[in-house]
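Have a look at the model first, then read on.

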Amino acid sequence: MNWLFGKNLEVSSLTSTTPLQQQRLKQIKSLNTYHQNVVEVKRDSEYTVSFHCCAKTIILKIVLPKQFPNEKPIVYALPSFTHQWVDDQMRVVGSPGLNMFYMHSDLGKVIQHIIKEFKKNPPQFSSSRDYEAPPIPSGFSSSYQSTPISNFINTPTSTNQDATVRPPLYTSSRKVVSNKTSCGNLEIDAVMDKLDQLQKDELERISNNPELLLDYILEMQSVVNLQAERAKLVEDNENIAQKNMSLEPVIEDLKGELKEMFEEYNDIYNKFQVGARIQDEYWQIFDVNTISTNLRISLMQSEEESEKIAEDFLQGNILLEEFLPNFLKKRKLCHFRRSKEERVKILQPY
């Protein structure tokens, strides 16, 4: 039923004015056919294909030269890893299909073979990785993420590498005496102020039971806003789900109507096919060339019959009284058919 619903697998439009451009468009369509997650970075020139391997996501960057597919494509792999098919610049150089690529190769199959090789022989990723900070929740400033955790701990000012971190000091009132450092967020500073006012035993209790600290976090306005937004999103999702459920009977009715229309279309189409076949038969029967041929054949038959009657008369096989009416009748029929043939010739196309 593609004629009804349509199927449009779009790739970037390339003006097919030359055979080379047509082959280029064919190769791009092949890439979209074999891979579902193709991303067009630069129109008709650069594409990316991502896949999962060893619990990591690998991206293949495919660069198409100007003379592609006469020139083979260039494929890079991201992120950095070690593999026998990849050189120091992360360019794929070990694929036989890529190295022997020519105009009638299949780009989609070549990239698919590269992905299979990486999955069959997984690459080795570097163990040392730069630390990536997690995303900042709504309500927290960027300075909170960039502030080192050492700013929140009382460290000695000495530059001696062997110096150890000293524990916080307590006064006789058993309150913590700390060098308070602002993290640049009012809400976090407020929580720190509340914790600063607690006794040692209360802090120990919070340290042993992290759920108590969660109460302070849940009281933060940004967290309250997140919870409210989450509740609103849940409510919106429920409303959308209910609306979709209410539209289900309408969709079922429309599907039934569509099915009836499709069956009606099939009936009409079958009748049309029968009528078209009958029309072709009549067209062949009443074609001018066919009529002219039939008239020519019947004319020749009439002339042969009249000549046979004349020959029988001359040989004395038939009498004059029988010869005249039969001979005149046949000749008259010959002249009628010859006249019709000449008229049909005028109607014949050149």
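## A greasy patch outside

Helix α9 (residues 221–285) supplies the largest share of a nonpolar patch, four residues. Helices here are DSSP runs of H or I with at least four residues, strands are runs of E with at least two, and both are numbered from the N terminus. The patch sits on the surface and is made of Val274, Ile278, Tyr282, Ile285, Phe286 and Ile291, with about 570 Å² of accessible area together. Isoleucine 285 is one of the residues placed in helix α9.

How is a patch picked? Its residues have over 30% relative accessible area and no salt bridge, with like charges joined within 9 Å and nonpolar side chains (Val, Leu, Ile, Met, Phe, Trp, Tyr) within 5 Å. The areas come from the Shrake-Rupley method with a 1.4 Å probe, and for residues only the protein chains shown count as cover.

## What you're looking at

Keep in mind that this is a predicted model: local features need pLDDT of at least 70, side-chain atom pairs count only at pLDDT 80 or more, and totals for chains, interfaces and linings use all residues. Residues are numbered from 1 along each chain as its sequence is written, and side-chain values use heavy atoms, leaving out hydrogens and water.

The protein chain has eleven helices and eight strands.

Helix α2 covers residues 19–34, and its end C-alpha atoms are 23 Å apart. That agrees with the 22 Å its 16 residues should span, where the expected span is 1.5 Å times one less than the number of residues. On its buried list are Gln23, Arg24, Leu25, Gln27, Ile28, Ser30 and Leu31. These buried residues pack against β1 (38–42), β2 (46–53), β3 (56–63) and α4 (107–120).

Over in strand β2 you'll find phenylalanine 51, which is buried at a relative accessible area of 6%. Beyond its neighbours within four places in sequence, phenylalanine 51 has contacts (heavy atoms within 4.5 Å) that include Asn37, Ile58, Leu60, Ile115 and Phe118. Asparagine 37 is 14 residues away in sequence and 8.3 Å away in space, C-alpha to C-alpha.

## Salt bridges

The count is seven salt bridges, each a side-chain nitrogen of Lys or Arg within 4 Å of a carboxyl oxygen of Asp or Glu. One of them joins glutamate 46 and lysine 61 (3.6 Å, N to O). That pair links strand β2 to strand β3, 15 residues apart. Glutamate 46 counts as buried at 18% relative accessibility, whereas lysine 61 is partly exposed at 28%.

Another joins glutamate 303 and arginine 338 (2.2 Å, N to O). Here glutamate 303 is in helix α10 (residues 288–314) and arginine 338 in helix α11 (residues 320–347), 35 residues apart. Lysine 330 and glutamate 305 also pair up, with their closest N and O atoms 2.5 Å apart. This pair links helix α11 with helix α10 as well, 25 residues apart.

## Cysteines

Cysteine 53 is buried at 4% relative accessible area, and cysteine 334 is buried at 0%.

Technical notes: Buried means under 20% relative accessible area, exposed over 50%, partly exposed in between (1.4 Å probe, protein chains only).
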